[in-house]
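User: Please walk me through this structure. I want each label set against its cut-off.

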Amino acid sequence: MKILITGAKGQLGTELLTCLKNGRSELGVLSDTLKNAQYRGIDVDELDITDINAVDTLMAEEKYDVIINCAAYTNVNGCETNRDDAFRVNAIGPRNLAVSAQKYGAKLLHVSTDYVFAGDGTTPYTECDVCDPQSAYGATKYLGEQYVREFCSRYFIMRTSWLYGYYGNNFVKTMQTRGKTKEEITVVNDQRGNPTNAADLAHHILKVIQTNEYGVYHCTGEGECTWYDFACEIMKLSGLSCIVKPCTTDEYPTPAKRPAFSSLDNMMLRCTVGNEMRNWKDALSYFIEHQK
């Protein structure tokens, strides 16, 4: 198996490369197929996925069996003011990868987001639910999903949310930094979702790409909470005395509309390859214990 990982310098891409290098994830040993796989991590400095000719040239030369697309414009507020850039990376990029995957017979796993939903639900969204993005980020990511479906017959779309990992910046590290320098902080308490450890997500991505169980997946930590709950748990597990105070979204306005409820249900995992995602509190505890 020959694997290409785009967006390889991000927290998920780096986690995937670490798993492949070590022959295991935090959830277990990788299969012999993956241990013997050839793999390459690539980022925008080597491949601009928005350039269809560059993507085609690479695939023609290397003939990868699997593409894992972790590349994305993830600055949610930035997407509102840089819509063309968000469109290129989040929609045109996946389209180009899908076209080349189909042309050269590769599987494509595309990482997406909870922001494809309206965020006004009361029960966790399943893969059956209708998408209705409310922000430029969500809209461009959803269009990317549609292009993947349209142009590639062997696809996996994996939606995740509230992602954190050992590499790069994320909410957990931000809270820890603030907790070390401030006596108290304020965090919104009316947005609910699923914190997701990048190690858990990487494990399931590598499990899924070995199968022919094509389709749309949700892959998030088990259980839900608010950002306030998440921040409180981070402070507690990190041994920080910083006080976390709750506030409403209206008290903390942002350029992009944030989903009030974007909890996802990992139904497709349960019904196909198996759902091994840890409870969000357990995964967070392990992460904090093993931070470098």
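Analyst: Start with H110, which sits in strand β6. Strands here are DSSP runs of E with at least two residues, helices are runs of H or I with at least four, and both are numbered from the N terminus. The model is predicted, so local features need pLDDT of at least 70 and side-chain atom pairs count only at pLDDT 80 or more, while totals for chains, interfaces and linings use all residues. Residues are numbered from 1 along each chain as its sequence is written, and side-chain values use heavy atoms, with hydrogens and water left out.

User: What does H110 touch, not counting residues up to four places away in sequence?

Analyst: Contact means heavy atoms within 4.5 Å. By that rule H110 touches N69, P94, K141, G144, E145, V148, F156, I157 and M158. H110 and T6 are 104 residues apart in sequence, yet 9.9 Å apart in space, C-alpha to C-alpha.

User: Where is T6, and what makes it buried or exposed?

Analyst: T6 lies in strand β1. Its relative accessible area is 1%, so T6 is buried. Leaving out residues up to four places away in sequence, T6 touches I42, I49, I68, N69, C70, A71 and L97.

User: How do you know whether T74 is buried or exposed?

Analyst: T74 has a relative accessible area of 53%, so T74 is exposed. T74 lies in the loop between β5 and α4 (76-81). Its C-alpha is separated by 9.7 Å from that of T113, 39 residues apart along the chain.

User: And T220: what makes it buried or exposed?

Analyst: T220 is at 0% relative accessibility, so T220 counts as buried. T220 lies in the loop between β12 (215-218) and β13. Beyond its neighbours within four places in sequence, T220 is in contact with R159, T160, S161, N194, T196, L264, N266 and M277.

User: Which residue other than glycine has a phi near 45°?

Analyst: W162 has that positive phi. W162 lies in the loop between β7 and β8. At 11% relative accessibility, W162 is buried.

User: What about K63: what is its phi, and why is it called partly exposed?

Analyst: K63 is not a glycine, but its phi is positive, about 50°. K63 is found in the loop between α3 (52-62) and β5. Its relative accessibility is 44%, so K63 counts as partly exposed.

User: What makes a set of residues a nonpolar core?

Analyst: The members must be buried Ala, Val, Leu, Ile, Met, Phe, Trp, Tyr or Cys, joined through side-chain atoms within 4.5 Å. The largest such core has 27 residues, and those with the most contacts inside it are I3, L16, I68, L109, I205, L206 and I209. β1 (2-6), α1 (11-22), β5 (66-69), β6 (107-113), β7 (155-160) and α8 (198-208) each supply at least two residues. α8 gives the most, with 5 residues.

User: What is L206 in contact with, leaving aside its neighbours within four places in sequence?

Analyst: L206 is in contact with L16, C19, L20, L30, L34 and I68. A second, separate core of 23 residues includes W162, Y166, C225 and C247.

User: How do you know whether the span of α9 is close to the expected one?

Analyst: The expected span is 1.5 Å times one less than the number of residues. Helix α9 (residues 227-238) has 12 residues and reaches 16 Å from its first C-alpha to its last, close to the expected 16 Å. G239 follows α9 and has a positive phi, near 70°.

User: Which residues of α9 are buried, and what covers them?

Analyst: W227, F230, A231, E233, I234 and M235 are buried in α9. Their cover includes β8 (163-164), α7 (171-181), β9 (184-188), β13 (225-226), β14 (243-247) and α11 (280-289).

Notes
Buried means under 20% relative accessible area, exposed over 50%, partly exposed in between (1.4 Å probe, protein chains only).
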